[in-house]
Structures are given as structure tokens and as C-alpha cells.
Amino acid sequence: MSTDNRPLSPHLQVYRLPLTVVLSITHRLTGVFLALGTLMIVWILVAAASGPDAYGFAHGFTASWFGQLLFLSWTYALFFHLCNGIRHLVWDTGHGFELSAIDTSSWLVLIISVLLTALVWIVVLMTKGGV
Amino acid sequence: MSLRTPLSRAHGLGSAKEGVSHWWAQRLTSIALAPLVIWFAFSIAMLSNMEYATLLNWIQSPFNTVMLILMTIAGFYHMQLGLQVIVEDYVHSEWLKFSSIMLINFACIVFAVASIVAVLKISI
């Protein structure tokens, strides 16, 4: 049996991934990232319940520039996962599968998730009057 | 001639042998989480850098207590479902798949209970 003419799956090293594919795997990656980041939030809650010393230790990390950077990326991952998740829910109803609609919604997800992340951190920095 | 209804005979014959409960639970939790995470994103940006007394005060507000617990339940449930699918997609060794899924289930329950107890201990 000849196997020469079988369709091949995309050769990932030379194939330029369509935006939809990038968003699809990013949805999964942000999901895993959110799961890992949740442990940091559980740490804050458990430390706060354990007393000022335990919380002081956790706070030393979460309030550091690296901790804050993690929380900034965590909120971005959260909004990406939310926006793309809503796109999935729309797809579940059978709508939005035309190529043009998929392209539009891809860009909407990217733009809205960045805007929401910026909005959250600007509001928080303003209400606190600076970090 | 069988006395079983056509529905009863069809039950459990899908490829997954369990119908769509996993898929459906994932959708339900995602709908529940949509409003919760918008509140949570603002909250986490604030409480990630709060002083001890301010944080305790914040958690003790009844609204925040309720929202935190709802968020914990829906969030960890959704997380368990999602991580399970990832394992099922990429892990093909049967025992490794089984033990990873079991570990994910246990870990999600442990962390969810720890969060809820912590929130209640602070707020009550």
C-alpha cells in the first residue's frame, strides 16, 4: 500500500501557526498557569489565618517586585482565559465559526484581555495611591 | 422482545461510557466563574500587597467571605476538570494517567478545603 500521498499533519518547525491555533494552546497554558498561581493565593489565605508571623513571611514574597510581577501575569492569564472561555461558550451554541468571525474574535480576546488587565491594575494603584 | 425502554438500552453506550457530565460541569462552572473572576481579579491585585490587619479586615467583610468561598468551590472544581482533560490528552501510560488524575483530584480537594477553612477561621 502506498503511503506517499497521505495528508500530513502540519510540520511544526516550518508551519506558520494560525492565530486560532496560538490562542487555543494559550488557553490551555493559561489554565495551567492559573492553577499554579492559585497555590500562591492559597498560601496568602492560609498564612493570614495562621497569624502575623506566617503572613509576614508570605507577604515578603508576594509584595516583592517578583511576587507582584507574578500577580500581574496571573491577572492577565485570568482575563485571557475568561475572554477566550466566553468565546468557547459562544462556539458551544454553534455560532461564530465563520473564518472571518473567528479571526475577529481572536483579536477581540487579545485586545480586551490586555485592556481589562490594565484597567484592574490602574484602578488598584490609584485607589492605593501608589504601591 | 425487551421490556427495557430505548433510552435505558442506550445509556452508557457512548465512547466515554458516562455521557456528558464532565463536559457539562466544565461549562456550568465556567459560567459561574465569569462574574466571580472579574471581582476576584480586582481583589487579588489589591490583596496581593496588603498589610496584615487590612487583609484580615477585608476578608471579614461578609460579602468578601461569601465571594471567596464561592470562588474557591467553583474555581477548584473547574481546575480539577480542566487539568484532568490535559492529562487525558497527553499522558498515555495507563497507570501514570490514573495516578496523575487521582493526585489532581486529591490536591484540588486539599487546597480547596484549606482555603475555605482559612477564610472561615479569619471571618468567624
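This is a predicted model: local features need pLDDT of at least 70, side-chain atom pairs count only at pLDDT 80 or more; totals for chains, interfaces and linings use all residues.
Lys97(B) sits in helix H5 of chain B, helices being DSSP runs of H or I with at least four residues, numbered from the N terminus. Residues are numbered from 1 along each chain as its sequence is written, chains are lettered from A in the order written, and side-chain values use heavy atoms, leaving out hydrogens and water.

**Around Lys97(B)**
- Not counting residues up to four places away in sequence, Lys97(B) touches Val87(B), Glu88(B) and Val91(B), with contact meaning heavy atoms within 4.5 Å.

**How chain B meets chain A**
- In contact are 38 residues of chain B and 36 of chain A.
- About 3,100 Å² is buried between the two chains, 75% of it from carbon and sulfur atoms; that's the accessible area (1.4 Å probe) lost on putting the parts together, summed over both.

**Charged pairs across the interface**
- Two salt bridges are counted between chain B and chain A.
- Arg28(A) pairs with Asp89(B) in a salt bridge, with the closest N and O atoms 2.7 Å apart.

**Who supplies chain B's side**
- Helices H2 (21-47), H3 (52-60), H4 (62-90) and H5 (94-123) of chain B each supply at least two residues of the side touching chain A.
- H2(B) gives the most, with 14 residues.

Definitions and conventions: A salt bridge is a side-chain nitrogen of Lys or Arg within 4 Å of a carboxyl oxygen of Asp or Glu.
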